[in-house]
Every structure is written in structure tokens, then in C-alpha cells.
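Please look over the sequence and the model below, and then follow the points topic by topic.

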Amino acid sequence: MSHLRLTFACGIYDRTDALRTGDVVVEDINLDFVAIGNPRDIFDRMGGKQEFDVAEFSCAEFISRMARGNCPFVALPVFPSRVFRHGYIYVNRKSGIHTPKDFENRRVGVALYTMTAAVWIRGHLAHQYGVDLSTIHWVEGAINHAGRHGEPSAPPLLQSVRIEHDAQGRSLSELLAAHEIDVLVGTQHPNPHPDIAPLFPDARAVEREFYLKTKIFPIMHLVVIRRDVYERNPGVADSLYRGFVDAKKLALERMHKGHPFMLPWVHDDIHEVDEVFGGDPYAYGIEANRPTLEALVRYLAEQHFIPRAMPIEDLFVPGAKELR
């Protein structure tokens, strides 16, 4: 395969940064790393205009597109963004909400109903806490600024859901503080306010227990390649995958060797990560992520994003042994 020049749009992460700096070079590919701080911007530009050759992309949106057929992308089992979400659930102290079950028949704010973080949170609510999601009235909007959250081009849901937007375009933080919504779930912490509190005061302990029990570390984003680029040069998938693996390996080595982060107890955190995740919290490939991927696909089917759960092997390009 001759050298190709490919654009790759991604946030700045320690696990991909070596591809940006050139410390890791992708075999047979000149990778033009386009650093974009706002993931929503990447998704909107890639989903709406297919602006890049390769990009970080929303898991929920990609799987929704795959399930409908004629998807313009293929995916690698590379997951640059993973976040536990129990710590991103906030309530108004005056709402009388003390447990997730209390969410039923309430107004719940969410930046975007179709975003992967929201899929995960709803899955947690339904499967861990027995919440009847059909009773919830959803309110969409940006969390900490006025207006809406991006310009998504995700496929429509297969079944309608009660979703409204604030007529004045106020942020969800403002609505929660004013008790015009009872709960906020999302990807950011709301602006501080005396009437706003996290549902789980010690969310880290809740999330750790959840992982140890289920082996699910929620995946937010994967990496997609434009289908036309892949079909012209199928070998790019293997080369890119090896490049991502090498970049992450280098990041892990650097993390263990020095003090790259402004975290006073970073070594305690590293020891905990090694203990809980076996030394690699951001595992790539299919098999290492089977519990997480199968849960996500199940939640997407239950929440009417896709007609039915599909084998997770069908989500990713066939390729070298390490891809599987």
C-alpha cells in the first residue's frame, strides 16, 4: 500500500497524543491530526458533511446508522473516550428526589437525548435501579450555556419520546436551579448553585462497585473511517489500529514513569487503576470490551435507536487478528 495522506479529527487525549506529535507514526499513512476540543463539533462535521477521512465519533450515532444500513462509515474497535456516568446525575434539593426510582414522572434535563452518555445513563437507571423510563418527561438543551447542544444528524428514533426545549433557550443548569426541571443528566457538571446536588455524593465508589460487578466501563466514542476511503484502501484499518494501540501503549508507559498530570495523588490513582483495570483502563479490540459493547447495543435496542440488538462483531471492520 502506497503512503496515503489522511485527515484524522480527534480531541486531545493522552492515549492518542503521540499520533498528533509524531512520536508514533502510522505505517504507510501520513496522518494529518486535526485537534478539535469539542467532540460535538467533530460529530456534527463528520456526520453531516463527512468532512474528515477518519474521526472520533459518537458510539450511539454510529451504531444507529449501521443498523439502518447504507452507513457512510466503518468503525475500528478503538475507544478514545470512556466515562463512568453516575457522577453526572444532579438533582434539585427541593425536588424530594433521593433515589433513581424517584425520577419516574419527573422532568429530566439532558443535553441531547440521542447522545451516548444519555443512552448509558438511561440504561443504568433501567437496569440497575428499575426506573420506568417511559414515565419521564425529557427536556433538551445545552447544560451550561443558552441554546441547544450542537447540530446532530443522527437518525430519528424508531419510537417517539416526549422531548421538549425551553422556549427561552435557557441552559439546563439554569432550569435545574429554578426547579423547572427536577434532574439533570449529561456530560458536564452543572454550574454551582445551593439548590443543586449530585444524586450520588460518592459517585466514584458507586462507579467502582458497578465496574467490579459488571465489567462495564462505558464507551462514549469510537473511531470511524469514511467508507469510501476504507473501500479504496482496506489496509488502512489494520495500519490505523496498530497506530492507535502503539500510541496508547506509549501513554501508559509515560503515565507510570513520571508526573504528567497536575494531580497531587496521581500515584495512588495509578495504583487503583492498575488494581481495578489490570493496567489498561482503555482497552481496545472487541473481546476485551464485550460486556460494555453488548450492554450498549442492548440499551440502544431497548431505547428504540435500533430495531434489535446485533452481534458486536458486525459493528467493526474485519481485519487482522488483533482487530478481533
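In this predicted model, helix 3 (residues 59–68) packs against helix 10 (residues 290–302) at an angle of about 65°, and the axes of the two helices lie 11 Å apart. Because angles of 65 to 115 degrees count as roughly perpendicular, helix 3 is described as roughly perpendicular to helix 10.

**Helix 3 and helix 10**

- The crossing in which helix 3 passes helix 10 is right-handed.
- On the side of helix 3 the contact is made by C59, A60 and I63, while helix 10 contributes L296, V297 and L300.

**Helix 6 and helix 9**

- Helix 6 (residues 203–214) and helix 9 (residues 266–277) pack with their axes 11 Å apart, at an angle of about 25°.
- Since angles under 35 degrees count as roughly parallel, helix 6 is taken as roughly parallel to helix 9.
- From helix 6, the residues R204, R208, Y211 and L212 meet D269, E272, E275, V276 and F277, which belong to helix 9.
- The contact of helix 6 with helix 9 is made up of 4 nonpolar and 5 charged residues, and it has no polar ones.

- R170 is placed in the loop that runs between strand 8 (163–165) and helix 5 (172–177).
- The relative accessibility of R170 is 17%, and R170 therefore counts as buried, given that the term applies under 20% relative accessible area.
- When its neighbours within four places in sequence are left aside, R170 is in contact with L175 and E180.

**The protein as a whole**

- The secondary structure of the protein comprises 10 helices and 11 strands.
- A compact globule with 324 residues would have a radius of gyration near 20 Å, and so the 20 Å found for the protein agrees with that expectation.
- Taken along the principal axes, the box filled by the C-alpha atoms of the protein is roughly 60 × 45 × 35 Å.
- Of the 324 residues in the protein, 53% count as buried.
- If contacts between residues at least 6 apart in sequence are considered, 80% of them join residues that are at least 24 apart.

Methods. Residues numbered from 1 in each chain as written. Predicted model: local features only at pLDDT ≥ 70, side-chain atom pairs only at ≥ 80, totals over all residues. Heavy atoms only, no water. Axes fitted to C-alpha atoms, helices over the stretch in contact; angles between N-to-C directions. Helix = DSSP H or I, 4+ residues; strand = E, 2+ residues; numbered from the N terminus. Parallel < 35°, antiparallel > 145°, perpendicular 65-115°, else oblique. Left-handed = near helix turned anticlockwise from the far one by under 90°. Contact = heavy atoms within 4.5 Å. Rg over C-alpha atoms; globule rule 2.2 N^0.38 Å. Buried < 20%, exposed > 50% of the residue type's maximum accessible area, 1.4 Å probe, protein only. Nonpolar A, V, L, I, M, F, W, Y, C, P; charged D, E, K, R; others polar.
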